[in-house]
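The structure comes first, and the description follows.

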Amino acid sequence: MTNGKTKSMSAEPQTVADYWHLFVNRRAYTLQSQRPHPESGRHYYYQPKQKGKGAPLPLTEETVRQHLEGEITLGLYAINPATQCCKWVAIDADYRNAMEDLLKLQYHLTQDKVQPALEMSKRGGHLWIFLETPLPARDCRIYIHDLASRLGVPVKGSGLGDGIEVFPRHDTIAAGEFGNAIRGPLGIHRGALRRFWFYGADYTIPAQIAYLKRLRKLTAEELRGFIADKRVPEPVAAKPSQAEVRGRAARSEFRILEHVAPVRKMGRNYVARCPSCAESGNDRSGDNLAILISDPRYYKCWAGCSKEMIRAACGCPIPPRRR
């Protein structure tokens with residue numbers, strides 16, 4: 001076995017095809033920056049754009065090959081907006097005693113004859129559940145949230161600072177939206193400068209892919225049985241109404257700087273904690289949201305939250321006619 005540090009690896013066409021079958025549910029993706037931000041030191045994720053057009057670049061088999069060979073690092077989206085389905089569920093835990101909770105979830109999933117794969121991460125781990133066919137994101141979230149509740153495993157959101165984060169993070173997403181991406185497995189984390197492997201197989205790409213292919217996949221019939229009579233979890237973007245804030249937004253143009261604090265200058269931008277990330281207990285460093293100093297109408301969440309998600313988290317959702 002290797003220790004996971006960066007090393008040259010070759011990804012054969014069949015390996016790329018197998019990875020695509022396991023993990024790719026839509027052609028939208030993000031990239032982790034090769035260099036850290038000069039002030040924050042973080043490697044942010046961003047959507048690569050077509051030169052001269054501004055449209056997102058579509059994911060290709062060549063992009064996946066580069067990810068597996070360590071040239072780039074992908075972030076993958078769970079939900080396909082055309083179907084509102086996903087082909088995997090990922091449970092991210094990066095807090096104190098996170099591994100203990102992941103192992104508890106893993107054990108009880110196996111009691112349901114589900115075979116999850118446990119992946120190392122920089123601060124904790126990820127637990128992946130693969131589906132026999134793409135299944136509704138809503139149903140997948142009900143299953144995991146209900147299991148976590150029964151086991152006493154905390155879930156981020158509702159004021160909780162620490163807890164698991166479930167991908168997909170939404171029941172549905174609108175056409176043209178993306179949701180939240182998670183680091184694609186088996187690539188090189190640019191900040192840690194290493195790969196994070198799945199437990200249960202040798203630390204090579206072919207061995208890891210072969211292991212994941214052997215795992216038993218959750219079926220639609222099984223999922224329906226698991227969630228019968230269960231409640232839908234609260235949407236990630238849900239927030240109690242703020243009459244005063246909404247009233248002010250109705251009277252004037254929405255101003256992001258009225259809804260975030262504290263802010264600090266970083267180059268050409270202000271940076272602040274993203275309201276959408278904050279609802280799930282994320283962005284503890286308070287620098288995911290970048291706001292252009294010269295024109296604060298322009299702002300962006302480096303973690304991938306859409307403008308609709310940010311506005312909803314501020315209590316000022318974008319009216320349908322303006323979307």
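## Secondary structure and packing

In this predicted model, the chain contains 9 helices and 14 strands. Of its 323 residues, 51% count as buried. When contacts between residues at least 6 apart in sequence are considered, 67% of them join residues at least 24 apart.

## Cysteines

A disulfide is a covalent bond between the sulfur atoms of two cysteines. A search of the whole structure finds 0 disulfides. For Cys-277, the closest cysteine sulfur is that of Cys-305, and because the two sulfurs are 3.6 Å apart, they are too far from each other for a bond, the cut-off for a disulfide being within 2.5 Å.

How many cavities of 30 Å³ or more does the structure hold? There is 1, and the volume of the largest cavity is about 40 Å³.

The lining of the largest cavity includes Ala-78 and Ile-79, together with Phe-167, Pro-168, Arg-169, His-170 and Ile-173, and also Phe-178, Gly-179 and Asn-180. By residue class, this lining divides into 6 nonpolar, 3 polar and 1 charged.

Key
Residues numbered from 1 in each chain as written. Predicted model: local features only at pLDDT ≥ 70, side-chain atom pairs only at ≥ 80, totals over all residues. Heavy atoms only, no water. Helix = DSSP H or I, 4+ residues; strand = E, 2+ residues; numbered from the N terminus. Buried < 20%, exposed > 50% of the residue type's maximum accessible area, 1.4 Å probe, protein only. Contact = heavy atoms within 4.5 Å. 1 Å grid on protein atoms, 1.4 Å probe; cavity = no way out; pocket = protein on both sides within 12 Å on 5 of 7 lines; lining within 4 Å. Points joined across faces, edges and corners; volume = space filled by probe spheres on them. Nonpolar A, V, L, I, M, F, W, Y, C, P; charged D, E, K, R; others polar.
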